[in-house]
Amino acid sequence: MKTPSLRIATYNLQKCVGMDLRRNPRRSLEVLEDTGALICVLQEADKRLPPRPAALPHDMVTAEKWQILQFGAPGGSIGWHGNAMLMRPGAIHVVETDQIDLPGFEPRGAIRADLDTPIGPLRVIGVHLGLVPRSRRQQCAALRRMLERLPPRPTIIAGDFNEWGSGADLNAELAPLRFLPCPPSYPAIRPIAALDRFWISADLSAGPVRPHLAQPARIASDHLPVTVELTAQQR
C-alpha cells in the first residue's frame with residue numbers, strides 16, 4: 001500500500017505584483033494551482049497599509065475552490081501580518097487556528113493551523129521573518145517557546161525566512177525542528193537565494209524541496225513558490 005503524502009507550498013506573493021509591475025491576482029492563483037499543493041502558506045497576501053485589504057481577493061480565491069483559513073477577526077485581510085493559508089477542502093479539516101505576535105525591529109507576525117490531514121495530525125506555521133538578523137533569531141526563539149507550550153503535534157514551519165546565509169543561526173533557535181535543504185527561490189527570474197524554506201519536526205519525513213519553475217511563476221512574483229511532499233514517520 002502506498003504511504004499517504006501531502007504536498008505543501010510556500011509562496012511570497014509580493015502582493016500579487018509581478019516582475020512586469022502588474023498586479024494580477026488571477027495569475028498568482030494560476031501559479032498556486034500549478035503547484036499541485038493541498039496547503040499553500042502565503043506571505044504578502046495583503047496590501048501593506050491599514051486596513052490591509054487583501055491583495056488576493058476573497059471571492060476570487062473561493063471561486064477557484066480554495067478555502068481561506070481564518071486568522072483573527074474577519075475583514076478585508078485574508079491573513080495576519082500578510083501571512084495567509086489556503087487549503088483544498090474535503091481531505092483536510094481544521095482543528096484550531098491562531099495568530100502569533102513576533103518580536104523584533106519591525107512589526108511581524110506568524111500564523112498557526114492545527115489540521116487533520118491525509119497523513120494524520122499536522123501543525124502548519126506560516127512566517128515572514130524580519131530583515132534584521134537579530135530580529136530573525138528572536139522570532140525563531142519565540143516560535144520555539146510557543147511550540148514548547150503547546151501539545152506535541154507533527155509540525156512544519158514554512159515561509160519567507162529572509163535568510164541569505166546557511167540558516168545555521170535559525171536552525172539553532174528552532175531545534176529540535178530540522179531545516180530541510182532548500183533550493184534558491186529569489187529572485188524568481190534568476191534565483192540565487194534560498195529565502196523560502198521549511199523546518200519540520202522529527203515525526204515527519206520529507207521529499208526534496210522543489211522550486212516551481214513553470215510560467216507564469218517566473219513573472220508572477222519576485223519569489224518562486226517552493227513545494228515539499230510530507231509523510232508521517234512510520235512507528
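This is a predicted model: local features need pLDDT of at least 70, side-chain atom pairs count only at pLDDT 80 or more; totals for chains, interfaces and linings use all residues.

Searching the whole structure turns up three aromatic pairs, and two of them are described below.

**Aromatic rings**

- F161 and W199 make a tilted aromatic pair, with 4.7 Å from centre to centre and 40 degrees between the planes.
- That pair links distant parts of the chain: F161 sits in the loop between β8 and α4, while W199 is in strand β10, 38 residues apart.
- F161 counts as buried because its relative accessibility is 0%, under the 20% cut-off; W199 is buried too, also at 0%.
- W199 also pairs with F179, again tilted, at 4.8 Å centre to centre and 40 degrees between the planes.
- F179 belongs to strand β9 and W199 to strand β10, so this pair ties together parts 20 residues apart in sequence.
- F179 is partly exposed, with 22% relative accessibility.
- Put together, F161, F179 and W199 form one aromatic cluster.

**Around S221**

- You'll find S221 in the loop between α5 and β13.
- S221 is buried, at 0% relative accessible area.
- Leaving out residues up to four places away in sequence, S221 touches several residues, including Y11, N12, M19 and A188.
- The side chains of S221 and D222 are joined by a polar contact of 3.4 Å.

- M19, I189 and I219 make a nonpolar surface patch of about 250 Å².
- I219 lies in helix α5, residues 217–220, and is partly exposed at 31% relative accessible area.

Methods. Residues are numbered from 1 along each chain as its sequence is written. Side-chain values use heavy atoms; hydrogens and water are left out. Patches are made of residues with over 30% relative accessible area and no salt bridge: like charges are joined within 9 Å, nonpolar side chains (Val, Leu, Ile, Met, Phe, Trp, Tyr) within 5 Å. Accessible areas come from the Shrake-Rupley method with a 1.4 Å probe; for residues, only the protein chains shown count as cover. A salt bridge is a side-chain nitrogen of Lys or Arg within 4 Å of a carboxyl oxygen of Asp or Glu. Helices (H or I, at least four residues) and strands (E, at least two) are DSSP runs, numbered from the N terminus. Buried means under 20% relative accessible area, exposed over 50%, partly exposed in between (1.4 Å probe, protein chains only). A polar contact is a pair of N or O atoms within 3.5 Å; within protein, one must be able to donate a hydrogen and the other to accept it, and residues adjacent in sequence count only if both atoms are side-chain atoms. Contact means heavy atoms within 4.5 Å. Rings of Phe, Tyr and Trp (its six-membered ring) pair if their centres lie within 6.5 Å; planes under 30 degrees apart count as stacked, over 60 as edge-to-face and the rest as tilted.
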